[in-house]
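Good morning, colleagues. Please look at the model on the screen while I comment on its aromatic residues.

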Amino acid sequence: MFFDVDGTLVPETSSSLFLAGFLGHHEELAEAEDAYAAGAVDNRQVSELDAAGWAGASEEQVRGWLDGLPLVMGIAETVAWCRRHALVPVLTTLSWSPVGSYLADRFGFHAFCGPQLETANGQFTGRVARHFDEYDKRDFALMRAGALGVEPRGCGAIGDSRSDLPLFASVGLSVAFNASTGARRAATIAVDGATCAACCPSWNDWFPPQSRRHAGSHSHSLMAATSTVAS
């Protein structure tokens, strides 16, 4: 089960905007993110603008700021539900890799993806080390499913916006959670609520226990691993 971060697990904003409030370029980034949502700019342009604002910040500082990241309710419960039902929870996101790493460590997601920032001596340089867009996100998810021995039709994805559409088109079940109009149109089902656990009943209906046995046989040996980006 693939989980988006910004707008899905981080409601009504993005992790980048949250961090930009500390880094000092919130207004500029907000305009760029709105332009991306409208299709006027691409992810690369937004990433380069955002990365420049990170120059001089330390990895330790960012980790501390992330403790205050606004999150939707029910993440821990939803991850636990997935594990009980032989669904492997994976973060698929365009958030910077420090965000994916933080959330994976905090909640126990199996793996994460995302763009990478360049660092030197524990500080961010203001440059992008690796770009990562919505198609990379889809490819990472399919690679992770393949590593678990699961066909794409045996996977689900939960997301809310433009960056989720390529992945939505590639999996068996797509859930638009508190989502944009475009994501709702592309998704199998739409769910609204204050907790992401509201999605769990639909997953149980779509993936009956017998269809998850194969994935479950692989999950115990792979759960401890994490990955920053698709190779």
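Trp96 counts as buried, at 3% relative accessibility; buried means under 20% relative accessible area, exposed over 50%, and partly exposed in between, with a 1.4 Å probe and protein chains only. Trp54 is likewise buried, at 0%.

This is a predicted model, in which local features need pLDDT of at least 70 and side-chain atom pairs count only at pLDDT 80 or more, while totals for chains, interfaces and linings use all residues. Residues are numbered from 1 along each chain as its sequence is written, and side-chain values use heavy atoms, with hydrogens and water left out.

A pair of aromatic rings is described by the distance of the centres and the angle of the planes. Rings of Phe, Tyr and Trp (its six-membered ring) pair if their centres lie within 6.5 Å; planes under 30 degrees apart are stacked, over 60 edge-to-face, and the rest tilted. The count comes to 7 aromatic pairs.

One of them is Phe22 with Trp65, stacked at 4.9 Å between centres and 10° between planes. Phe22 lies in helix H1 and Trp65 in helix H4, so the pair ties together parts 43 residues apart in sequence. Phe22 is partly exposed, at 43%, whereas Trp65 counts as buried, at 19%.

How are the rings of Trp54 and Trp96 arranged? Their centres are 6.3 Å apart and their planes at 65°, so the pair is edge-to-face.

Finally, Phe3, Trp81, Phe109 and Trp203 form one aromatic cluster.

Definitions and conventions. Helices (H or I, at least four residues) and strands (E, at least two) are DSSP runs, numbered from the N terminus.
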